[in-house]
Amino acid sequence: MSTAQISTPPKLQLDGLMLRYAVLVGLIAAASIGFGIANENFYSLTNLGILLRSISVLFLVSMGMTFVMLTGGIDLSVGSNVAFSGGVGVVALTTTGSATAGFVAALLAGMAIGWVNGFFIGRLRLSAFMVTLATFALARGLALVIYGADSINVDNGAFLWLGGTSWGNLPVVIPFVAMVFIALSVVLYRTVFGREVYATGSNFNTAFVLGRRPERTLIWVYILTGFLAGLSAIITVGRVSSGQPWTGLYLEFDAITAVILGGTALAGGRGRLLGTILGVLLYGIIINGLVLTGTNPFLQSLIKGLILLGVVLLDTFTQKGRAT
Amino acid sequence: MNYLSKLSVGAIAAGALLGTTALADEGTLDIVFINDGHVAPYHVAWLSGFEDAIEAYDEAFSDLTVTGRWLSAEGSLEKMIQQAEVTINEKPDVMFVNAINVDAFEPLVAKAQAEGITWIAVHSPMESADYSFTLGDVVNGRNQGMAMCALSGGEPYKVGVMLGQAGNPSGEARREGILEGIATCDNIEVVAEQPADWDTVKAQSITENWLTQFPDLDAISGVTDGYMYPAIAVATNSGRDDLHFYGYDGDIPIIQQMEGGNVKADILLSGTREGWNFVQMAYRIHKGEELEKVYDFFTPLVLTEENHQTALANGFPEDVEVYYVDQALEVAEKGFLEFGPDSVM
């Protein structure tokens, strides 16, 4: 009985999520129409390409963050990990001259930070907040050491292709991110691992008693997040034709914002990747539109904060309403 | 010069003017300033000067509509790149970009130029940019360091130097200059160097640590006046009324603490002046004026008259341009004096 309850999100919660998605779609539509009226350039293909490219990294990192938050955890190190894994990848690339070596090194570096997080959180049962706060500083420090605090120019076409190439107005990275989304959706909804992610977030102890090895699931979830950070690093390097020690700054906060907007519960066990995608899209549209409309930057932060607060409040009221 | 020669010179001048401005809409000048952050009093003054100047130029020239806006990347490279991309798509006439790291913006400079936008790299020069608006950071830093030498009195003197964010070219250049200046005398010992990441809160912690670690510290030097506010407050609260401060930025509240205070020297950038200078520079480019590709912002050293005389007596170079406090405060408060519409009429 317990297995069935954990592995399939209950109907009541799914309805709550559907309401959240409806709200998000409504907000996306309203924001798009509003910004489109305020500035006709908003709907230009060039701007849509810019918008999607600018949130591609946030898409990847937020999808990883969704897995983490579904387990009831949090990963504050992803932004620093993007800088660190990018540094390792760029150094491997410039040392060997091989794009493949650069790709592999970046991905392995990202996964290594993920493994450290997962080991301390899953095996040693330490607080995810504290562990990833430590690796947040650790990875940034390593990035600064690797780079010597300076940027490294990259001119390898293969390494830059994913982040820097566009087919017309469509950045190559967009279909790539879509493929990653499909792959992660399969992993989350169609595999045993995906069910264990939900089980771990719903109740770690129950999952343990049922023999699901939630500690191992946690390690793999953080490794997956590290892998996505490595991918993000490759895209970022391609976008700016250089490795940058300060890249990814505050990325974790944007990702957490998008995941919460998307309806994933902070306590874990509830949420879907689709919500995260909608959350990232809403976030990206707001940022893009506020820049296009020349909104005072002070107000931009205010507006972002108000939207997040509004959605979270809405979520709280709808959940309370359904519980009574 | 005969009539024919005058006519030829006039024709060449007119041709040059038409040639350089043919791409721009003669009746409008749209300026965008993308800054790396908005965290210090300097930034507030900077953007305020920029906004005031836009308004003043728009009012002063009836045949030209001057518009402008500023964006803050809040320290995030990704945000800044997105803002630059969106701005390029809007096709303003001139973009001032204070890049977090110039290498990351090379691809965007080419895009902007392809759209006919004039890209002006702010503080950290870029070879590919149309212009670089620089501060002469090494020279300024050296002047600060030499002032410290001249005012330290030849006795053993211990100083802590607060740096910018690691890898930031402007911060690195300032550090290089300060250390070069200090190296011109042999009585000053740099007991600590630490990055405070342009963050006033970090500057506060560093000051507290230094005062504990080096009870005989004589001075704190900073690459920005943003560090001086917490450093002065911490020193005052700790009863260290003898600690000297050497600033950089020309923030008005810091300059005001020079007469009879412990702020011994400052570098007069002044955010207000810089904001006004941006708009003046954009206007001159719009009018087809040929400017230096690397445009050096005029940034004199600020000393009290008394300290300047002391410094000169101690061998401080006479050719270093020095503003006294009153003069510095006047131009810092009124950016239009040097860079207003009157300066280009």
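This is a predicted model: local features need pLDDT of at least 70, side-chain atom pairs count only at pLDDT 80 or more; totals for chains, interfaces and linings use all residues.

1. On the α9(A) side the contact is made by Phe193(A), Glu196(A), Val197(A), Ala199(A) and Thr200(A), and on the α11(A) side by Pro214(A), Thr217(A), Leu218(A), Trp220(A) and Val221(A). By class, seven of the residues in this contact are nonpolar, two are polar and one is charged.

2. How do the axes of helix α5 (residues 99-123) and helix α6 (residues 128-147) of chain A cross? They come within 9 Å and cross at roughly 155°, which makes α5(A) roughly antiparallel to α6(A), and the crossing is right-handed. Helix α5(A) contributes Ile113(A), Val116(A), Asn117(A), Phe120(A) and Ile121(A), while α6(A) contributes Ala128(A), Val131(A), Thr132(A), Thr135(A) and Ala139(A). This contact has seven nonpolar residues, three polar ones and no charged ones.

3. As for chain A overall, its secondary structure comes to 14 helices and four strands, and its C-alpha atoms fill a box of roughly 60 × 50 × 35 Å along the principal axes. The radius of gyration of chain A is 20 Å, which agrees with the value near 20 Å that a compact globule of 324 residues would have.

4. Turning to the two chains together, 23 residues of chain B are in contact with 28 residues of chain A. On the side of chain B that touches chain A, β2 (65-72), α3 (77-90) and α4 (106-114) of chain B each supply at least two residues, and α3(B) gives the most, with nine residues. That side of chain B has eight nonpolar, nine polar and six charged residues.

5. On confidence, the model scores ipTM 0.76 and pTM 0.79. Chain B averages a pLDDT of 90, with 93% of the residues scoring at least 70. Where in chain B does pLDDT stay under 50? This is the case over residues 1-23 of chain B, for which the model has eight contacts beyond four places in sequence.

Conventions
Residues are numbered from 1 along each chain as its sequence is written. Chains are lettered from A and ligands numbered from 1 in the order in which they are written. Two residues are in contact if their C-beta atoms, placed from the backbone, lie within 7 Å. Ala, Val, Leu, Ile, Met, Phe, Trp, Tyr, Cys and Pro count as nonpolar, Asp, Glu, Lys and Arg as charged, and the others, Gly among them, as polar. Axes are lines fitted to C-alpha atoms, for helices over the stretch in contact, and angles run from 0 to 180 degrees between N-to-C directions. Angles under 35 degrees count as roughly parallel, over 145 as roughly antiparallel, 65 to 115 as roughly perpendicular and the rest as oblique. A crossing is left-handed if the near helix is turned anticlockwise from the far one by less than a right angle, and right-handed if clockwise. pLDDT is the predictor's confidence in each residue, from 0 to 100. The radius of gyration is taken over C-alpha atoms; the globule rule is 2.2 Å times the number of residues to the power 0.38.
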